Amino acid sequence: MDLIPKPDQVVSAAGNLAHTVLYGGLADLRPMPRTLIDDGTLREVYHYRPAARVLEQGDPVLLVTPLAAPALCYDLRRGCSLVEHLVTEGRPTYLVEYGPVSFRDRNLGMEHWIEEVVPAAVRATSAHAGGRPVHVVGWSLGGLFTLLAAAADQELPIASVTVLGAPVDVSQVPLVAPLRPLLDVAHGPGLVTRAYRVLGGAPTPLVRWAYQLSSFQKLVTKPLAKATRYDDAEFLAQIQAVDRFTAGMTAYPGRTFGQLYHRFVKGNALVTGILDVGGREVALADVTVPVLVLAGATDGIAPVGAVKAVVPLLTGSPEVQFEIVPGGHLGMLTGRAARGSTWAVLDDWLGQWSGAGDEPVPPAPSDDAPSDAAPIGTSRRRTHGSGASRSLAP
């Protein structure tokens, strides 16, 4: 609002305030309808129901959530939901999430997600979509797990991989860079190691605090921003939806958190392109499918340089496309500007590497009936383009 609000701004602010008081907020938080098609240990795979009067076509898209973050990252609110966008476009859309993490899960390591959860979700998605290859889209740590899963098992029915905001060179992350020299010289189990061993992981309040700290400036200035923009319903709705997302964060299993801390934060192991997963080396050079890498221009958790570091490591991919898009860590994925930037790039990418768009997806098998789908990994009329890489920013 202006320093001296105009009459229409006063009216809008009063209306927004009344709506917030009476209805609890301005955001349309209705989730997109979905059906559970597969589950296992910390694995739930959902199929989003097609939109009314929209025919599902093309290869399916599987959204992979990062650990500790709720699946709301892909379905934040109506109008700022990647799921809603994909479903409306007629793309068969699926999601894998993990549910709450408890103390009994403390012995699960990264290999559980890389060797079991992501591969099982890809196979379930392909089978449910009639044996089509799957476009796997992973945000943040979900993107890293997706890349490593594709490298570890080249027989997975994957059409392409899209990685959003996934830091490979952790030394370039602002919150971590100043601490790494201190961590490297420490010997024996330090305070962090002892803490996660006792607690069985990184507890939810700590995870939520760390995420908020990454956007400390926004956290401090948010009350003033809300007060000065109370006439902007869209702005207030986005804040409400992001607050709900942050409140929904969960814990990290102890062993997984330990691996992330020692290998990524202290060792910056993935910058070499090779990571020990369950006792064997997995190399990003073994990814043999097209890869789209997206970095947020103002991302404080995964800055551009940290994300771009993966590009030269993907030597086995037939095409690697790198893009810089507007937004911070969550904003690049589901911010108000994402529709005209991130989602547009993703649409182009999916169109380039999908099977023929005029071929409808066969009806999905009933949840109660046995599947007679085509063998997993078969690809009907799959086409590979050769579009050149481009960048939305210098």
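Gly328 is buried (under 20% relative accessible area, with exposed meaning over 50% and partly exposed in between, for a 1.4 Å probe and protein chains only), as its relative accessible area is 11%. The residue lies in the loop between β12 (320–325) and α12; helices (H or I, at least four residues) and strands (E, at least two) are DSSP runs numbered from the N terminus. Apart from neighbours within four places in sequence, Gly328 is in contact with Thr298 and Asp299, contact being defined as heavy atoms within 4.5 Å. The C-alpha atoms of Gly328 and Ile301 are 8.2 Å apart, although 27 residues separate the two in sequence.

The model is predicted, with local features requiring pLDDT of at least 70 and side-chain atom pairs counted only at pLDDT 80 or more, whereas totals for chains, interfaces and linings use all residues. Residues are numbered from 1 along each chain as its sequence is written, and side-chain values use heavy atoms, with hydrogens and water left out.

Helix α12 (residues 331–334) contains Thr334, which counts as buried at 1% relative accessibility. Beyond four places in sequence, the contacts of Thr334 are Cys73, Leu76, Cys80, Ser81, Gln238 and Trp343. Of these, Gln238 is among the buried residues of α9, which also include Phe235, Leu236 and Phe245. Helix α9 (residues 233–247) comprises 15 residues and reaches 21 Å between its first and last C-alpha atoms, close to the 21 Å expected, where the expected span is 1.5 Å times one less than the number of residues.

In strand β3 (residues 61–64), Val61 and Leu63 point one way and Leu62 and Val64 the other, and all are buried. Strand β3 runs parallel to strand β4 (residues 93–97), to which four bridges join it; strands pair if DSSP finds at least two bridges between them. Within β4, Leu95 is the bridge partner of Leu63. The β-α-β crossover from β3 through helix α2 (residues 82–88) to β4 is right-handed, that is, clockwise from the first strand over the helix to the second with the strands pointing away from the viewer. Strand β3 also pairs in the parallel sense with strand β5 (residues 134–139) over four bridges, and Leu62 stands opposite Val136 in β5.

Helix α3 (residues 110–128) is largely enclosed by the rest of the structure, because 14 of its 19 residues are buried. A kink of about 25 degrees lies at Val117, shortly before Pro119, the bend being the angle between axes fitted to the seven residues ending there and the seven starting there. Just after α3, Gly130 adopts a positive phi of about 85 degrees.
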